[in-house]
Structures are given as structure tokens and as C-alpha cells.
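Trainee: I would like to learn how to read the packing of helices and strands in a model. Could we go through one together, slowly?

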Amino acid sequence: MEDLRIVSLIASATEIVAALGLQENLIGRSHECDFPTSVKALPSCSSSEVDKDATSNKIDQQVRSMVRDALSVYQVDYALLSDLAPTHILTQTQCEVCAVTLDEVNRALQQFQSTPNVIALEPMTVEGIWRDIQAVADIANVSSRGHALVTQLQERLIAIAKQTALRETTPTVACIEWMEPLMYAANWVPELITIAGGQPILGQSGTHSDYFEFSELVRSDPDYMLIMPCGFEIDRSLKEMAPLTKRPLWSSLTAVRNHQVYLIDGNHFFNRPGPRIVESAEIAAEILHPKLCNFKHKDRAYTPLTQLHEASGY
């Protein structure tokens, strides 16, 4: 595999490459690739056109405007990518606002003298994530590693499901991917909630995350709310909670009254379709059924909103 030179332009693919034992073949990354932390030393081949310091609402407006005007949300450093001369480039077609897209990569390839292999990942379900892991393993000629990794991850999810099968109740769970405007989490997230012993509401497995009205949240009145904004870690999510917590009917919601609202590191968990979806399922299981599950993710990967009472105005 000495001639294998990989550039990953999506964080989840970088994690897949590392989990397959191919990190030494990784020669470039996207600006969002940050796990394992050692990949930060690699040259970054992309940048975002969005002001990520803006509010949730402003970020949404920027992204919508770019998509409407057929502008790229991300920019690829064509010259750097060409200089790195990768044999393989990993990108995605699942979401045009989540990471560098296949179209952007194809534009970059116009400047290449030799054409690298481009692998576009498109996971919509847990099974789709397994397929993507195997696809990366296959193109790197380490198919057996792919089979072994997928089997290991599947077995871990099965173990979580066995633990949560002992639950006495199946609480309803709303997973919120964006605060203003409101978006629910879909794709593979409902499957993870089911494995964790919850009943997902609002989003459906295998469909894209989408906007919804606060009235729908009031009407469904979930037992638990998991706040997991894509790209936001816990501290950043906390700063964006006001549009939710200041709504007149917020305090009447069952999850709020029972102190079952949780802020999750949505940058590293749930929104990255790679090996750490297992940890994402663990987080949900630990929140929903703490008497059955203790994976020690609290305060590292998630925090109860009540624990941040003063700062949030909750």
C-alpha cells in the first residue's frame, strides 16, 4: 500500500480511514477533519465560505442563499490538492452543506495531470454507513479489515440493544439538529435512538433532516429532547439555545418540566456517519436508560441542560 495516497474531504471518511489502519496513507484532509487529533497536522485542502461565528439563524440564511445561487458552501484549494497528487480522494454526495461535494471535487480534478480515484460516500442509514466503510476498505485493498471493522461495530450496537431491551419503558425522543430555524435529525439518527431504547419522533430513518415548526414539537411533546446541532460542540450549542428556551410554551414541554433536555456534541457525534456512530448510540442509551447503561460519556460528549442553568437562562 506504499503507493496509496489518500485525501479525505469529509470528517467521517477521515475517521473511517484511521479505523481501517490507513492513517499513514492519509496525505491531506478537509478543514473539518479533527479526529484522530493527529490528522490536524496534515495539510487542509478546503475552507468554508460560511461565517461560523454567526448565529444559527444567520448561518442558515448564508447557506440557503449560497445553495439558491448555486454557489459552493466550501472552497477546495485546487493548487494544494494537485501538488499532493493523491491516488484517491474521499468526498460525499449525502449533503451539499455538510462537506465538500462531488461536484466541487470534479472541478478540482480539471487541474490534475493524472486523475485520482474519487469515492463519494452517501450514507442515509446505519447499513449505508457499513457499506461506505467497506467501500473505502475495498478501494484500499484491505477488504478483510473492512469486514472485521464492520462486524466489530455491528456487534457493539447489538450489545447496546441487548442492554436497553431490559428497559421498563420506551420514551419518546426528539432529536434537534438545528435551533433557528428548527431542524430535526433524520438519516441514521432514528435508528440509533431505537437501538438506545427510545421511540424517535419527527425524523424518519433514511430520509434527510428537515425543517419543522415549534408547534410540532409542542404537539408531539417528547419525553426527551436531544440537542445535537451539526458542527456545534456543547458550549456553542448552549449559546444558541435562546431561540428555543424563550418560546412561550417551552417550559410546558414534558422534557423540559422533567429536566430531560440534553446538549450533545453534535460536531463529533451523531452527525458523523463513521465508526463513532456506536458512541452516539451509547450516548443516547446512557441518557435514556442510565440505570442500564453507563458508558461514561456524560460531561464529555453530552451535558444535561439543567446543569447549565444560569448560563442558558433555562
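Trainee: Is the crossing of helix 5 and helix 6 right-handed or left-handed?

Mentor: A crossing is left-handed if the near helix is turned anticlockwise from the far one by less than a right angle, and right-handed if clockwise. The crossing of helix 5 and helix 6 is right-handed. Before we go on, note that this is a predicted model, in which local features need pLDDT of at least 70 and side-chain atom pairs count only at pLDDT 80 or more, while totals for chains, interfaces and linings use all residues. Residues are numbered from 1 along each chain as its sequence is written, and side-chain values use heavy atoms, with hydrogens and water left out.

Trainee: At what angle do helix 5 and helix 6 pack?

Mentor: Two packed helices are described by the angle between their axes and the distance between the axes. Axes are lines fitted to C-alpha atoms, for helices over the stretch in contact, and angles run from 0 to 180 degrees between N-to-C directions. Helices (H or I, at least four residues) and strands (E, at least two) are DSSP runs, numbered from the N terminus. Here helix 5 (residues 126-139) and helix 6 (residues 143-164) pack at about 155°, with their axes 7 Å apart. The two helices are therefore roughly antiparallel to each other, a term used for angles over 145 degrees.

Trainee: Which residues make the contact of helix 5 with helix 6?

Mentor: Contact means heavy atoms within 4.5 Å. Among them are Trp 130 and Ile 133 of helix 5, and Leu 149 and Leu 153 of helix 6.

Trainee: In what order do the four strands of the open sheet lie?

Mentor: Two strands pair if DSSP finds at least two bridges between them. The four strands lie in the order 2-1-5-6, and their pairing is parallel. Strand 2 (26-28) and strand 6 (117-121) are the edge strands, each pairing on one side only. Between strand 1 (residues 6-8) and strand 5 (residues 88-92) there are three bridges, and Ser 8 has Leu 90 as its bridge partner in strand 5. Helix 1 (residues 11-19) packs on this sheet, touching strand 1, strand 2, strand 5 and strand 6.

Trainee: How exposed is Val 218?

Mentor: Buried means under 20% relative accessible area, exposed over 50%, and partly exposed in between (1.4 Å probe, protein chains only). Val 218, placed in helix 8 (residues 214-220), has a relative accessible area of 26%, so Val 218 is partly exposed.

Note on methods:
Angles under 35 degrees count as roughly parallel, over 145 as roughly antiparallel, 65 to 115 as roughly perpendicular and the rest as oblique.
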